[in-house]
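Welcome! Have a look at the sequence and the model below, then try the exercises before you read each solution.

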Amino acid sequence: MGDLTDSLPTSTAPQRPAPFREDCWSEDATSTLVDAWGRRYMELNRGNLRQKDWQEVADAVNARHGHVKKARRTDVQCKNRIDTIKKKYKIEKARVTSSNGALASSWPFFSRLDALIGPTMSAKRPSSASPPLALPLPYWKTPSPAVPSASVGALPQKRPMPAVDDSYFRRNYSAVAAAAAAEAVDEEDDEEEEEEESRWSAERSGDVDGMRQLARAIERFGEIYEKVEAEKQKQMFELEKQRMQFVKDVEFQRMKMFMDTQVQLEKIKRAKRSGLNGERIR
């Protein structure tokens, strides 16, 4: 039956391509993100980044990898990616620490994260971690010496238990201690991340309120400017109306003076003509 099962051809289902996610990060983009965040993180003396700092990090990533619209990153996406990288580093750090240097991390960003946030984790790590209560410890009884008896024959003594190699328990102890220390650091980091998230959201809400106030001020300025322009247009219309009336009046006066001058000249001509005609009659 087993031979028949082995001889049957195995049908392999065609592999479907993994769906593309718009927030997936390539290794190059992640490397650029770590470099940009690391520079800003060190400039702030290993302090928490604010919303404007995350925006600068996103701009640096988009400058190199945001040529396509789907590849552009926001400040929120960059912050979430850094949080994921930090959690990955803590897991790798705990694994390397528990091995007492026997293992080395093959994660490409481990060395850079270790240089950036490793000192802060070492400073926060407690000096001594207490082992869990259920840690197995070697235990054996010391055999009691046999008491000789006159009436009873000598009984065979129990063999002493061989020495137990406690290297296994030491390895377990170091692994559990490292895990407990990493868990304590994770709790502290989670609290700091929650505080940073709340402060960051407050800053974003403050920025939104500031933008709203700025929009209202711009709208009020536009209304005032529109009123001033309307008043200016009205004044210009009145001035143009007055100018046209003044030109009309001046033209009327000029025509009136011209007509009066023509009438006076005609009277003078008639007077001269009448004088000449009188002299001729004499």
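**Exercise 1.** Does M211 count as buried or exposed?

*Solution.* Before we start, note that this is a predicted model, in which local features need pLDDT of at least 70 and side-chain atom pairs count only at pLDDT 80 or more, while totals for chains, interfaces and linings use all residues. Residues are numbered from 1 along each chain as its sequence is written, and side-chain values use heavy atoms, with hydrogens and water left out.

Step 1: the scale runs from buried (under 20% relative accessible area) through partly exposed (in between) to exposed (over 50%), using a 1.4 Å probe and protein chains only.
Step 2: M211 counts as exposed because its relative accessibility is 56%.
Step 3: M211 is found in helix α6, residues 167-281; helices here are DSSP runs of H or I with at least four residues, numbered from the N terminus.

**Exercise 2.** Find the salt bridge of E43 and describe its partner.

*Solution.* Step 1: look for a side-chain nitrogen of Lys or Arg within 4 Å of a carboxyl oxygen of Asp or Glu, which is what a salt bridge means here.
Step 1: the partner of E43 is R40, at 2.8 Å from N to O.
Step 2: both residues sit in helix α2 (residues 27-43), three residues apart, or about one turn of the helix.
Step 3: E43 is exposed because its relative accessibility is 56%, whereas R40, at 22%, is partly exposed.

**Exercise 3.** What separates R254 from E251 in helix α6?

*Solution.* Step 1: the two are three residues apart, so about one helical turn lies between them.
Step 1: salt bridges that share partners also build a network elsewhere, joining R40, E43, D53 and E56.
Step 2: back at R254 and E251, their closest N and O atoms are 2.5 Å apart in a salt bridge.

**Exercise 4.** Which residues of α3 are buried?

*Solution.* Step 1: helix α3 covers residues 51-65, 15 residues in total.
Step 1: its buried residues are Q51, D53, W54, V57, A58, V61 and N62.

Technical notes:
The expected span of a helix is 1.5 Å times one less than its number of residues.
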